[in-house]
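Have the sequence and the 3D view open side by side, and let's walk through the fold together.

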Amino acid sequence: PFMTFDSEFRIYLGGETIQVWHVPASHTDGGSVAYFEKANVLHTGDLCWNKIIPFIDVKGGGSANGYLAAIDKVIARVPQNVKVIPGHGEVTDLAGLKAFRQYIQDVIDAANKAKAAGKSKEAFLNEVDLAAYKDWRGYADRFKDNAEAAYDEAK
């Protein structure tokens with residue numbers, strides 16, 4: 001990188017103010033989002049995958065629980081009518097970001113419930129299924145990995 005920062009910075013460019021915020025570990029441990037104030041546009045990078053199952057890069061510091069913290073941090077800072085450009089998928093709005101957050105929450109809830117019931121990781125992964133998200137691209141490829149990441153973080 002040619003520039004590093006601890007939490008956030010602003011760029012003033014041609015009448016536009018661009019706020020860049022570091023977010024808690026989610027996809028990896030080093031994500032940021034950019035909010036364009038005048039345009040009212042949020043670019044989330046890999047913090048949002050619109051109707052696509054994400055890749056949680058655990059080896060790169062990613063975290064299922066961190067996704068929730070990161071999304072909550074962002075939602076608290078943007079207007080309700082913001083346009084959202086996800087890292088993957090079609091342009092959406094705040095409702096789309098919240099739908100992605102709900103997916104992460106549902107995966108975490110399933111993992112927490114299984115762990116609290118004393119299920120082994122193997123048993124959990126063999127039976128976990130969130131039918132509401134089966135039509136999201138990447139479900140067959142990445143859903144079980146997300147479930148495993150959530151199980152490993154469950155208390």
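Start with the sheet: six strands make an open sheet in the order 1-2-3-4-5-6, and their pairing is mixed. This is a predicted model, where local features need pLDDT of at least 70 and side-chain atom pairs count only at pLDDT 80 or more, while totals for chains, interfaces and linings use all residues. Residues are numbered from 1 along each chain as its sequence is written, and side-chain values use heavy atoms, with hydrogens and water left out. Helices (H or I, at least four residues) and strands (E, at least two) are DSSP runs, numbered from the N terminus. Two strands are said to pair if DSSP finds at least two bridges between them.

Now follow the strands one by one. Strand 1 and strand 2 (residues 16–22) run antiparallel and are joined by six bridges; among the residues involved, Y12 has T17 as its bridge partner in strand 2. Next, strand 2 and strand 3 also run antiparallel, joined by five bridges, and here I18 stands opposite F36. Strand 3 then pairs with strand 4 over three bridges, again in the antiparallel sense, with Y35 opposite L42.

Strand 3 and strand 4 form a hairpin with four residues between them, and N40 sits in the turn. Take a moment with this residue. Its phi is near 55 degrees, a positive value in a residue other than glycine. Most residues other than glycine have a negative phi. Is N40 buried or exposed? It counts as buried, because its relative accessibility is 14% (buried means under 20% relative accessible area, exposed over 50%, partly exposed in between, with a 1.4 Å probe and protein chains only). Leaving aside residues up to four places away in sequence, N40 touches Y35, P79, N81, V82 and K83. With N81 there is a side-chain to side-chain polar contact at 3.0 Å. A polar contact is a pair of N or O atoms within 3.5 Å; within protein, one must be able to donate a hydrogen and the other to accept it, and residues adjacent in sequence count only if both atoms are side-chain atoms.

K51 also has a positive phi of about 55 degrees, although it is not a glycine. This residue lies in the loop between strand 4 and helix 1, and K51 is exposed, with a relative accessible area of 56%.

Back in helix 1, look for A70. A70 is buried, with a relative accessible area of 0%, and it touches V23, P24, S26 and L47, not counting residues up to four places away in sequence. The C-alpha atoms of A70 and G31 are 9.1 Å apart, though 39 residues separate the two along the chain.

On to helix 2 (residues 94–116). D93 caps its N-terminal end, with a side-chain oxygen 3.1 Å from the backbone nitrogen of A95. The 23 residues of helix 2 should span 33 Å at 1.5 Å a residue, and its end C-alpha atoms are 32 Å apart, which agrees; the expected span is 1.5 Å times one less than the number of residues. Among the buried residues of helix 2 are L97, F100, Y103 and I104. Their cover includes strand 4, helix 1, strand 5 (83–88), strand 6, helix 3 (121–127) and helix 4 (139–153). After helix 2 comes G118, with a positive phi near 85 degrees.

Finally, helix 4 has 15 residues and reaches 20 Å from its first C-alpha to its last, close to the expected 21 Å. Its buried residues, including F143, A147 and Y151, pack against strand 4, helix 1, helix 2 and helix 3.

Key
Contact means heavy atoms within 4.5 Å.
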